Amino acid sequence: MSNSDNNQAGEGIESRVRRVVSGTEAYDIHTHLYDPAFGELLLWGIDDLLTYHYLVAEAFRYFDFPYEDFWKLSKSEQADKIWDVLFLQHSPVSEACRGVLTTLQGLGLDVAGRDLGSIRAWMAEQDPAEYVSKCMEVAKVRKICMTNSPFDDLERPVWEKGFERDPRFVAALRIDPMLLDWENTHQQMAGWGYNVSATLDESTLSEVRRFLADWSDKMDAQFAMVSLPPTFAYPDDSPCGTLIEKAVLPHCRENGLPFALMPGVKRGVNPLLQMAGDGLAKFDIANYERLFSAHPDNKFAVTALSRENQHELCVAARKFRNLHIFGCWWFTNIPHVIDEMTRMRLELIGLSVTPQHSDARVMDQVIYKWSHSREVITRALIDKYSDLEKTGWVVSDAELERDVKDLFGGAFETFCAR
Ligand code: RAT
Ligand code: ZN
């Protein structure tokens, strides 16, 4: 009998689920990490960990100096301030603070000493390429999907020049500026040789499709992607609605690509906080139901920002098989909400879901994001398989491994390939 057929005599379901979840490598389907070929765009190390915008927002709850005084500081000075206020002056109980400690622990560093200087010294000795492998190994992540924007002036030249791809890093074509700011974006695209105008007539739409095709090819994009404000409506004859209907969806359909939607974000609720200043609001699911229903030949992957939208989104997934739900995004990426969302999803849509993505912006963060989520997902699965056992249905190890592989990226790969 092979190892995976064997239920390892006498081993209870709790230990079996723990063993399989901790041994299954994840495909992290949404991050803000980069293939190492992007050089400094790939953030890593203690100063980037401490200046993560999730922590900046929390630190400003205690800071009593003007916002601009913080932004004037160098990155390591900002990191010092955040370390001092969030780790030394108060205990680091928030999810993002705890994450820094889990990450350092995963890297083998001592956190008890509270010695930022020695952590920095250790980091300074690391080789970036080996560091990427180490973080992925500790986090048990096999593949990482980046977020790739042709509209990003730092990123675009790297794609244009070309580079040897690291097979562990795959791309997602992110098009927020095109859909949410057509007035400015069309001028940028015109400057790159696409014959587009402010008016979305047939010739402009065809050029937009050419742009999408060119960039999907260049990046070998696995899907197209946008974050949307809570006010998004469908159908809608705004530039956003027209571009989605007449350019993005046809492009995705023709190429078998999912369109990933991230609804619920309110950008710049407090602009003084810069990247930390975005907020959220509930959206009306009816718009999305109309979208999924009108386009049965398109595939949609959705993660919603507001906790309040999660239940109706699961119900929508029961109605529309062209919808794949993923992740506990940003403000929902806290253990008690991950627990609630994961259980709700398992109970409503079974295993046809991707419970988590990391949204990591700093390489090292994959360690804590995956370790914390694995623990919550493990507990939810133990309960689900224990409930099954009460009926006499005992899952084999092979079935368990199949299920967990699906949850950790396998189901999404199948959805993309469909
Ligand atoms: O979670 C985040 O880091 C946010 O700043 C956003 O980038 C969000 O994840 C997004 O992809 O828009
Ligand atoms: Zn993101």
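The donor residues of the zinc ion (ligand 2) follow the sequence spacing H-x1-H-x326-D. In this predicted model, local features need pLDDT of at least 70 and side-chain atom pairs count only at pLDDT 80 or more, while totals for chains, interfaces and linings use all residues; side-chain values use heavy atoms, with hydrogens and water left out. Residues are numbered from 1 along each chain as its sequence is written, and chains are lettered from A and ligands numbered from 1 in the order in which they are written.

The protein donors of the zinc ion are H30 (NE2), H32 (NE2) and D359 (OD), at 2.0 to 2.1 Å. Donors are N, O and S atoms within 2.8 Å of the metal (3.2 Å for Na, K and Ca); water is not among the atoms, so sites may look incomplete. H30 and D359 link distant parts of the chain, 329 residues apart. H30 lies in the loop between β1 (26-28) and α2 (46-50), D359 in the loop between α16 (335-349) and α17 (365-390). Helices (H or I, at least four residues) and strands (E, at least two) are DSSP runs, numbered from the N terminus. H30 is buried at 1% relative accessibility, and D359 is buried at 5%. Buried means under 20% relative accessible area, exposed over 50%, and partly exposed in between (1.4 Å probe, protein chains only).

The structure holds 26 salt bridges. A salt bridge is a side-chain nitrogen of Lys or Arg within 4 Å of a carboxyl oxygen of Asp or Glu. R19 and D397 meet in one of them, at 2.9 Å from N to O. This pair also links distant parts of the chain: R19 is in helix α1, D397 is in helix α18 (residues 397-417), and 378 residues separate them. R19 is partly exposed at 27%, whereas D397 is buried at 0%. A network of salt bridges joins E11, R16, R19 and D397. R18 pairs with E14, their closest N and O atoms being 3.7 Å apart. These two residues stand four residues apart in helix α1 (residues 13-23), about one helical turn. R174 bridges to D176 at 2.8 Å, and both residues are buried.

Aromatic pairs number 31. Rings of Phe, Tyr and Trp (its six-membered ring) pair if their centres lie within 6.5 Å; planes under 30 degrees apart count as stacked, over 60 as edge-to-face and the rest as tilted. The ring centres of F60 and F63 are 5.1 Å apart and their planes meet at 80°, so this pair is edge-to-face. Both F60 and F63 are buried. Ring pairs link F60, F63, F65, Y67, F70 and W71 into a cluster. F151 and W192 form a tilted pair, with centres 5.8 Å apart and planes at 35°. F151 is buried at 9%; W192 is partly exposed at 27%.

Two lysines sit over rings. The charged end of K143 is over the ring of Y27, 4.1 Å from its centre. That of K218 is over the ring of W215, at 5.3 Å. The criterion is NZ of Lys or CZ of Arg within 6 Å of the ring centre and within 35 degrees of the ring normal.

Most residues other than glycine have a negative phi, and most peptide bonds are trans. A cis peptide bond joins Y234 and P235, with omega about -5°. D220, not a glycine, has a positive phi of about 55°. D220 lies in the loop between α12 and β4. Q274, also not a glycine, has a positive phi of about 50°.
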